[in-house]
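Dear colleague,

Please find the structure below, handed over for your reference.

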Amino acid sequence: MSTALPDRVDIARQVQARRSYEGTLPLATLHRLAGSLANERGEVRYRVDFGKDSLGIACIDIHVETGLPLVCQRTLETFVWPVQLRERLGVIAHEAEEAALPEGYEPLLAPDGTLSVADVIEDELILALPVVPVKPGAPLEWNDPSADGTGGEAQADNPFAVLGALKKH
């Protein structure tokens with residue numbers, strides 16, 4: 001097992017050696033993910049295992065745990081979105097090979113046989129982001145003053161009410 005994460009790895013060699021990587025990555029190093037975060041404080045704990053399954057398919061097992069600081073779209077408060085990922089990626093060289101992957105495998109396209117493990121971890125975190133971040137426990141209701149029938153202070157008098165009064169005469 002290795003704790004240092006190389007920039008790029010040769011997938012075939014990693015699979016043959018059944019190589020594993022374990023450690024942490026600072027959120028600040030994940031630049032594509034940073035635009036979706038409230039701040040870049042924190043780190044990602046990961047374990048990546050290369051190997052072959054019982055069918056002889058080259059695969060990568062990824063385990064990721066972190067807390068992503070997001071901005072709630074209801075309250076505009078920062079909150080931590082807990083993420084725990086367990087993914088099995090089937091390595092393919094061509095898109096046509098995707099159909100041959102067994103159920104439960106996510107395809108990982110690597111046409112040149114190399115990849116950046118940090119980029120794969122970052123991709124999985126981007127996919128784990130909620131479409132609309134909402135802090136757990138944030139109020140669900142929104143009070144629209146014009147919906148209660150009284151019109152509220154924000155709704156002005158009807159400018160055509162005077163015309164309606166003229167029409168009655």
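**Overview of the chain**

Of the 169 residues in the protein chain, 33% are buried, where buried means under 20% relative accessible area, exposed over 50%, and partly exposed in between (1.4 Å probe, protein chains only). Please note that this is a predicted model, in which local features need pLDDT of at least 70 and side-chain atom pairs count only at pLDDT 80 or more, while totals for chains, interfaces and linings use all residues. Residues are numbered from 1 along each chain as its sequence is written, and side-chain values use heavy atoms, with hydrogens and water left out.

The protein chain has four helices and seven strands, these being DSSP runs numbered from the N terminus (helices: H or I, at least four residues; strands: E, at least two). Their order from the N terminus is β-α-β-α-β-β-β-β-β-α-α. Among contacts (heavy atoms within 4.5 Å) between residues at least 6 apart in sequence, 53% join residues at least 24 apart.

**Salt bridges**

The structure holds eight salt bridges, each defined as a side-chain nitrogen of Lys or Arg within 4 Å of a carboxyl oxygen of Asp or Glu. Three of them are described here.

- Glu-65 pairs with Arg-45, with the closest N and O atoms 3.6 Å apart. Glu-65 belongs to strand 4 and Arg-45 to strand 3, so the bridge ties together parts that are 20 residues apart in sequence. Glu-65 is partly exposed at 26% relative accessibility, and Arg-45 is partly exposed at 43%.
- Asp-61 and Arg-88 meet at 2.7 Å, N to O. This pair links distant parts of the chain, with Asp-61 in strand 4 and Arg-88 in strand 5, 27 residues apart. Asp-61 counts as buried at 19% relative accessibility, whereas Arg-88 is partly exposed at 30%.
- Lys-135 and Glu-77 meet at 2.8 Å, N to O. Lys-135 lies in the loop between helix 3 (117-128) and helix 4, and Glu-77 in the loop between strand 4 and strand 5, so the pair ties together parts that are 58 residues apart in sequence.

**The surroundings of Asp-49**

Asp-49 is found in strand 3 (residues 43-52) and is buried, with a relative accessible area of 15%. Glu-22, Arg-47 and Asp-49 are linked in a network of salt bridges. The side chain of Asp-49 also makes a polar contact with that of Ser-20 at 2.6 Å; such a contact is a pair of N or O atoms within 3.5 Å, where, within protein, one must be able to donate a hydrogen and the other to accept it, and residues adjacent in sequence count only if both atoms are side-chain atoms. Leaving aside neighbours within four places in sequence, Asp-49 is in contact with residues including Arg-19, Cys-59 and His-63.

**Cysteines and backbone angles**

The structure holds zero disulfides, a disulfide being a pair of cysteine sulfur atoms within 2.5 Å. Cys-59 is buried at 3% relative accessibility, and Cys-72 is buried at 0%.

Most residues other than glycine have a negative phi. Arg-18, however, has a positive phi near 50 degrees; Arg-18 is found in the loop between helix 1 (11-17) and strand 2 (20-26) and is exposed, with a relative accessible area of 52%. Leu-76 likewise has a positive phi, near 60 degrees, and is exposed at 64%.

With kind regards
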